[in-house]
Protein chains: 2
Amino acid sequence: MGYLSCLDTVKPVRDAIDVINGKWKLPIIISVMTGNERFTDIQVSIPGITPKVLAKELKGLEQHQLIKRVVVDDYPVKILYKPEPYADTLTPIIDALKVWGLNHRKKIFEKD
Amino acid sequence: MGYLSCLDTVKPVRDAIDVINGKWKLPIIISVMTGNERFTDIQVSIPGITPKVLAKELKGLEQHQLIKRVVVDDYPVKILYKPEPYADTLTPIIDALKVWGLNHRKKIFEKD
DNA sequence: TATAGTGCTTTCCTAAAGGATAGTGGAATG
DNA sequence: CATTCCACTATCCTTTAGGAAAGCACTATA
């Protein structure tokens, strides 16, 4: 009459969700890993994101050591966002979501 | 001087995120796939979830055809939640999140 | 008859996410 | 000299997520 424990899976999944939740974090990581380095380039590569949200998320991703903010001392100063090696560990998650998302969209349109 | 397009990846990833976002959807799916069928069993298997949130998320997951609500006409009536076959397609995502979460926790504790 | 369990709903609330729009200061570009 | 680019910040607002606590109709159990 007891329930089945699933904490072995639920706990680490929740830990992961806590880091990458929200609409924007993974898209931003994808954009930076694709090679977009400038604030404006990242912004235009992600339709719908506003500068306020982008700035906030970039700070969060920096704190999680997924990207780094690099100040290049040219005149004028340049600011670059680069992926940290740790961002690579997210690749399996991104791939799985991409595959699922593509399939899901196919499924949705099949119904019509 | 242009930005690099990453829409091929960003769009499907956003489609997936739109379905499974939030703290609770994946934990609930994990619990149901583990074999928990009763409302109360699912609830106690996921620490911290409230009945209000659970009820709401179960409805959403039903609409996405990830689980089904089954009414069993015993006396008294029993209500069971069962995974739909489509839920299995989420396994690669859950696995990737689990692996990442376990590794992340290790990384965090290494730092101390 | 009192108590407990089941599957929720209801109410009230706070916090966080997200969106729209405008602006800013410096530097470069025409 | 006006405009544009860059990397943001500021302000204001709406929506959504989520949490705390209570309750409720029904059945079962002691």
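How many residues of chain A are in contact with how many residues of chain B? I looked this up first.

**Setting.** I am working with a predicted model, in which local features need pLDDT of at least 70, side-chain atom pairs count only at pLDDT 80 or more, and totals for chains, interfaces and linings use all residues. Residues are numbered from 1 along each chain as its sequence is written, while chains are lettered from A and ligands numbered from 1 in the order in which they are written.

**Chain A against chain B.** I found 40 residues of chain A in contact with 40 residues of chain B, where contact means that the C-beta atoms, placed from the backbone, lie within 7 Å. On the chain A side, α1 (7-20), α2 (25-34), α3 and α5 (91-111) each supply at least two residues; helices are DSSP runs of H or I with at least four residues, strands are runs of E with at least two, and both are numbered from the N terminus. The largest share, twelve residues, comes from α5(A). Of the interface residues of chain A, 100% are also interface residues in chain B, so the copies meet through the same surface.

**DNA strand D.** I found 18 residues around DNA strand D, the closest being A:Arg38, A:Pro51, B:Gly22, B:Lys23 and B:Pro76; a residue counts if its C-beta atom, placed from the backbone, lies within 6 Å of the strand.

Notes: Contact = placed C-beta atoms within 7 Å.
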